[in-house]
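Have a look at the sequence and the model below.

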Amino acid sequence: MKTVLVTGGSGFIGRYVTSELLEHGYAVRVMDALVEQVHGDAPEKQEGVSDVIYADVRDKAAVLRAIDGIDGIIHLAAEVGVGQSMYEIARYVGANDLGTAVLLEAMLGKDIKKIVVASSMSVYGEGLYADNAGRRFDTIRRKPAEMKSKQWEPLSPDGDWLTPLATDEQKPVELASIYALTKYVQERQVLLYGDAYGVDAVALRLFNVFGAGQALSNPYTGVLANFASRLMNGQSPTIFEDGQQKRDFVHVKDVARAFRLALEKPRAAGHVFNIGSGNAYTIAQVAGLLADAMGLPHLQPEILNKARSGDIRHCFADITKARELLGFEPQHRLENSLGPFVDWVTSQVAPDRGPQMQKELLERGLVS
Ligand SMILES: NC(=O)c1ccc[n+]([C@@H]2O[C@H](COP(=O)([O-])OP(=O)(O)OC[C@H]3O[C@@H](n4cnc5c(N)ncnc54)[C@H](O)[C@@H]3O)[C@@H](O)[C@H]2O)c1
């Protein structure tokens, strides 16, 4: 495999994937629509890549040009944001699912050997849990009445307390937002197409990706970026629920390597893989670590004690399968990587669009 198309290659993860591939001797073409919410109205020029097509993945003629002479595809182009997907539904379904459909249709009859798509941990909904007796619960969903009474921890169907476990790929999906639904549809489209046409297809379910270059201007995605832009504006990060919800933060360089490994390993074909760090952090802990790293320890998080529609309580990755089949091993831990992240953040002008996001969610009854 020599030439790889990276859709969404001008985005946060796309830029790292592109660099990773170039460093490993691939020729790379980028296709990206430079969505304003991510790139602003004066997008930065992308260093190091000369072969770029600025177009929408729903534009079939442009996609046909983009895949000409390509051996493999990494498909990252997507609208990214759980909260916003709950009211800009056509936008999310259009870009993510119709976009993937147009790409796959354009591939028909072409000699493209591999496609790797970015899926998301959001497809799991709630992560995996066990009760005190060690019984596994893999279809937990919080009840609206529990959320209303600010009972944040999910309970078993018998009302027992549960302990969150690392989530593996065996856990059934539970689609709790339009964004999650679109990511699952993308994943299924790609795997089904691969099966039908003998193309090696892989889906990577990314957990919370962080690193320098994250869109600080997009309030709907990237917990760390949102917290950083709040802090830079002298504001405490705001946290839904009580801040004790657990997530898995994986460094974008580890994610970029995972995409290259997925492209290179023949045995990855037909599989979905969790790509996380394998470590769990509470959101309040992450906000505190970041405030400390930015030298602003007095700006401790403001706990909203409110629920946001579509949010889940705990989900962190079991990455055994990626370790075994991809040879994936995370090399960066959150607590050791905040220095470089903060250096980058403080070099940016970060508009604080958090209040705007909260207002939009509130107006639509998506926060309670
Ligand atoms: N960042 C995360 O934590 C995370 C977690 C799970 C999954 N993902 C997935 O990884 C992929 C990349 O995410 P990211 O964080 O780099 O987001 P990003 O918003 O920085 O990058 C997405 C890129 O896709 C482009 N794009 C959007 N719609 C397009 C369209 N219709 N046609 C062409 N280009 C389009 C945007 O302009 C942007 O450059 C996405 O598929 C996302 O769903 C990200």
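## Around the ligand

In this predicted model, 29 residues surround the ligand. The closest are Asp32, His39, Leu76, Tyr179 and Lys183.

A polar backbone atom of Ile13 is 2.8 Å from an oxygen atom of the ligand. For Val57, a backbone N or O atom lies 2.9 Å from a nitrogen atom of the ligand.

## Helices H1 and H9

Two packed helices are described by the angle between their axes and the distance between the axes. Helix H1 spans residues 12–23, and helix H9 spans residues 252–264. Their axes come within 8 Å and cross at roughly 55°. H1 is therefore oblique to H9. The crossing is right-handed.

On the H1 side, the contact uses Phe12, Ile13, Tyr16, Val17, Glu20 and Leu21. On the H9 side, the residues include Val252, Val255, Phe259 and Leu263. By class, the contact of H1 with H9 has 10 nonpolar, no polar and 4 charged residues.

## Helices H10 and H12

Helix H10 covers residues 283–293, and helix H12 covers residues 334–346. They pack at an angle of about 45°, with their axes 10 Å apart. That angle makes H10 oblique to H12. H10 and H12 cross in a right-handed way.

Which residues of H10 and H12 meet? H10 brings Val286, Leu289, Leu290 and Ala293. H12 brings Leu334, Leu338, Phe341 and Val342. By class, this contact has 8 nonpolar, no polar and no charged residues.

Note on methods: Residues are numbered from 1 along each chain as its sequence is written. This is a predicted model: local features need pLDDT of at least 70, side-chain atom pairs count only at pLDDT 80 or more; totals for chains, interfaces and linings use all residues. Side-chain values use heavy atoms; hydrogens and water are left out. Axes are lines fitted to C-alpha atoms, for helices over the stretch in contact, and angles run from 0 to 180 degrees between N-to-C directions. Helices (H or I, at least four residues) and strands (E, at least two) are DSSP runs, numbered from the N terminus. Angles under 35 degrees count as roughly parallel, over 145 as roughly antiparallel, 65 to 115 as roughly perpendicular and the rest as oblique. A crossing is left-handed if the near helix is turned anticlockwise from the far one by less than a right angle, and right-handed if clockwise. Contact means heavy atoms within 4.5 Å. Ala, Val, Leu, Ile, Met, Phe, Trp, Tyr, Cys and Pro count as nonpolar, Asp, Glu, Lys and Arg as charged, and the others, Gly among them, as polar. A residue is near a molecule or strand if one of its heavy atoms lies within 4 Å of it. A polar contact is a pair of N or O atoms within 3.5 Å; within protein, one must be able to donate a hydrogen and the other to accept it, and residues adjacent in sequence count only if both atoms are side-chain atoms.
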